[in-house]
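Please read it beside the sequence and the structure.

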Amino acid sequence: MILQFSVSNYRCFRKQQTLNLAASSQDKALPDNCIVTDLPGLAGKRWLKGLALYGANASGKTTILEALESLAEMVKNSARMTDPKEPIPQIEPFALCPSQPESPTAFAVAFVAEGVRYEYRVAATRERVWHESLRAFPKKVEQLWFSRDWNTESTSYTWSPDRPTGFQRDSQLEGYTLSNMLFLSKAVASNRPELEPVFRWFKERLRFLDLSARSRLGPRFTLKRIQEQAPLHDRIVELLRHADLGVTGARVIEERPPEEEVEKMLKSTPPELRERILKDRCLKPELAHRGSGVTELPLPWDSESAGTHRLFGLAGPWLDILSKGYTVCVDELE
């Protein structure tokens, strides 16, 4: 569950932009669209289940979502850094004032993971992390678990607090954290279990769906759920039936291309990948449609419309998101 997200100095945004999911205290309409929390310090507070960003082209709607995704990518991949000189790839500062001194790109997100509210903040340039901090609210009083700030005079980090509540400092681990690496990621990679809920929220509970023309959303996820007769199978078929496409059923078929065509396609493929690629290429969805009378007629997948391909590809991920309660950011929802 996400409560608020802020970003500044990122792509088309120079000043801070904030996405706040707090519901209005005056407007009590649509109560089913709100979540009422019993979080310490926020008892009875209402939060929106969802919100929509709309506006003119190039106004920054997509950039807000990409900023949150960039922060998530930093958290997931930062511990893999081994070269202290390697640039942080997720940092893309505001580019329209090249003559001004570079300032850090700043992210701040408040969210709930495993029933506890957290606030995580990062400020970084391509070269280094300038600030990183994590606050937890298991009770009403804020607990600052860690904070690191780059000191330009000593060319080192200042860490605080000396004795945090709810979190035990590790000076050796702090020293091992590279300047272009997040301490959160390094600590989780070093088996600090108290930070696992925060890391897992970014890695597993936060999802992104790009439905724009540049999206490569394919049928793989939905196809696998149908093939395995997973719990989502019946819901996927039900969704397709109610989409006014004339679909009455779905199954997975094996379709092998001619051997000479396969060899031509896989000529430059490493041997260890050939079997997996072959297996994936041989499986296709097959949708049954209403025929005349009570008959059902299957159609080849390549004969289905682009809209049907799109809906099929989206059905599995979307129903999975709804059933597991992920926080999802969708671009080009229409």
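Predicted model: local features only at pLDDT ≥ 70, side-chain atom pairs only at ≥ 80, totals over all residues.

1. The geometry of H9 can be checked against its length, since 19 residues (306-324) at 1.5 Å a residue should span 27 Å, and the end C-alpha atoms lie 28 Å apart, which agrees. Along the way H9 bends by about 35° at Ala315, and Pro317 is a proline that follows within four residues of that position. After the helix comes Gly325, which has a positive phi, near 70°.

2. Two packed helices are described by the angle between their axes together with the distance between those axes. For H6 and H9 the angle is about 125° and the axes are 10 Å apart, which means that H6 is oblique to H9. The crossing of this pair is right-handed, and the contact is made by Arg235, Ile236, Leu239 and Leu240 on the H6 side and by Leu311, Phe312, Ala315, Gly316, Leu319 and Ser323 on the H9 side.

3. Is Leu239 buried, partly exposed or exposed? Its relative accessibility is 30%, and Leu239 therefore counts as partly exposed, a class that lies between the limits of 20% and 50%. When residues up to four places away in sequence are not counted, Leu239 touches Ala315 and Leu319. The C-alpha atoms of Leu239 and Ala315 are 7.4 Å apart in space, although 76 residues separate the two in sequence; Ala315 is also the residue at which H9 bends.

4. Leu71, Ala72, Val75 and Lys76 of H1 make the contact with Phe199, Phe202 and Lys203 of H4.

5. Lys49 belongs to the loop between strand S4 (46-48) and H1. With a relative accessible area of 56%, Lys49 is exposed, because the class requires a value over 50%. Which residues does Lys49 contact, leaving aside its neighbours within four places in sequence? They are Asp32, Asn33, Cys34 and Ile35. Pro138 is 89 residues from Lys49 along the chain, and the C-alpha atoms of the two are separated by 22 Å.

6. As for the chain as a whole, it has nine helices and 14 strands, and its C-alpha atoms fill a box of roughly 75 × 60 × 45 Å along the principal axes. Of the 334 residues in the chain, 41% are buried. Among contacts with a separation of 6 or more, 58% are accounted for by residues 24 or more positions apart, and the contact of Leu239 with Ala315 joins residues that are 76 positions apart in sequence.

Key. Residues numbered from 1 in each chain as written. Heavy atoms only, no water. Helix = DSSP H or I, 4+ residues; strand = E, 2+ residues; numbered from the N terminus. Expected span 1.5 Å × (residues − 1). Bend = angle between axes of the 7 residues up to and from the residue. Contact = heavy atoms within 4.5 Å. Axes fitted to C-alpha atoms, helices over the stretch in contact; angles between N-to-C directions. Parallel < 35°, antiparallel > 145°, perpendicular 65-115°, else oblique. Left-handed = near helix turned anticlockwise from the far one by under 90°. Buried < 20%, exposed > 50% of the residue type's maximum accessible area, 1.4 Å probe, protein only.
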